[in-house]
Amino acid sequence: MAQEVSEYLSQNPRVAAWVEALRCGGETEKHWRHRREFLLRNAGDLAPAGGAASAPREEAADAESGTRKRQLQQLISFSMAWANHVFLGCRYPPKVMDKILSMAEGVKVTDAPIHTTRDELVAQKG
């Protein structure tokens, strides 16, 4: 899938620039590669349309623009929560976990670390 994402981004420079602007400063290449795929799979109409030759769209009305900003912030938050769960072992409330795991369907992470929770460690000792 990484090859497909790279190929897609090379053919869509506006989308590539848009998603690259969402990268966090301290994010490793491995984390970013997977979170970028999560973002692209779930961006829908939040990502810019077309390639380099597309004419820029005019800004939408303020209400719509505010809604899009909220949707983008929510998408970024979900992508970070998902990456934190996969790579750092963070847990979130069940509704959030259900949402991010459903959004991540199709994102293949083969080199994620395996985390053991405190509860699992206590159960092993018992």
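Reader: What does the secondary structure come to?

Author: The protein has six helices and zero strands. Read from the N terminus, the order of elements is α-α-α-α-α-α. Please keep in mind that this is a predicted model.

Reader: And how much of the protein is buried?

Author: Of the 126 residues, 29% are buried.

Reader: What share of the contacts comes from residues 24 or more positions apart?

Author: Among contacts with a separation of 6 or more, such residues account for 69%.

Reader: Let us turn to the core. Which residues touch the most other members of the largest nonpolar core?

Author: They are W18, V19, F38, L75 and W82, out of 26 residues in that core. Two or more residues are given to this core by each of α1 (2-11), α2, α3 (29-42), α4 (62-88) and α5 (94-103). The largest share comes from α4, with eight residues. As a general point, nonpolar side chains in soluble globular proteins tend to be buried together.

Reader: Which residues of α2 are buried?

Author: Helix α2 covers residues 13-20, and its buried residues are V15, W18 and V19. They line one face of the helix, because they fall within an arc of 90 degrees when α2 is seen down its axis.

Reader: What is V19 in contact with, leaving aside its neighbours in sequence?

Author: Beyond four places in sequence, V19 is in contact with L9, W32, R36, L39 and L40.

Reader: How far does α3 reach?

Author: Helix α3 has 14 residues and spans 20 Å from its first C-alpha to its last, which is close to the 20 Å expected at 1.5 Å a residue. Just after α3, G44 has a positive phi of about 55 degrees.

Reader: Next, the aromatics. How many aromatic pairs does the structure hold?

Author: The structure holds one aromatic pair. It is formed by F38 and W82, and it is stacked because the ring centres are 5.2 Å apart and the planes are at 20 degrees.

Reader: Which helices do F38 and W82 lie in?

Author: F38 lies in helix α3 and W82 in helix α4, so the pair ties together parts that are 44 residues apart in sequence.

Reader: Are those two buried or exposed?

Author: F38 is buried, with a relative accessible area of 0%. W82 also counts as buried, at 3% relative accessibility.

Reader: What about A104: where does it lie, and what is it in contact with?

Author: A104 lies in the loop between α5 and α6 (118-125). Setting aside neighbours within four places in sequence, A104 is in contact with F38 and W82, the two members of the stacked pair. A104 is buried because its relative accessible area of 8% is under the 20% cut-off.

Reader: What does V86 touch?

Author: Outside four places in sequence, V86 touches V109, A112, P113 and H115. V86 lies in helix α4 and counts as buried at 15% relative accessibility. V86 and D111 are 25 residues apart in sequence, and their C-alpha atoms are 9.9 Å apart in space.

Reader: One last topic, the cysteines. How many disulfides does the structure hold?

Author: It holds zero disulfides.

Reader: Are C24 and C90 buried, partly exposed or exposed?

Author: C24 counts as partly exposed at 29% relative accessibility. C90 also counts as partly exposed, at 28%.

Terms used
Residues numbered from 1 in each chain as written. Predicted model: local features only at pLDDT ≥ 70, side-chain atom pairs only at ≥ 80, totals over all residues. Heavy atoms only, no water. Disulfide = S-S within 2.5 Å. Buried < 20%, exposed > 50% of the residue type's maximum accessible area, 1.4 Å probe, protein only. Helix = DSSP H or I, 4+ residues; strand = E, 2+ residues; numbered from the N terminus. Arc of directions from axis to C-beta. Core = buried A, V, L, I, M, F, W, Y, C linked by side-chain atoms within 4.5 Å. Contact = heavy atoms within 4.5 Å. Phe/Tyr/Trp six-rings, centres within 6.5 Å; stacked < 30°, edge-to-face > 60°. Expected span 1.5 Å × (residues − 1).
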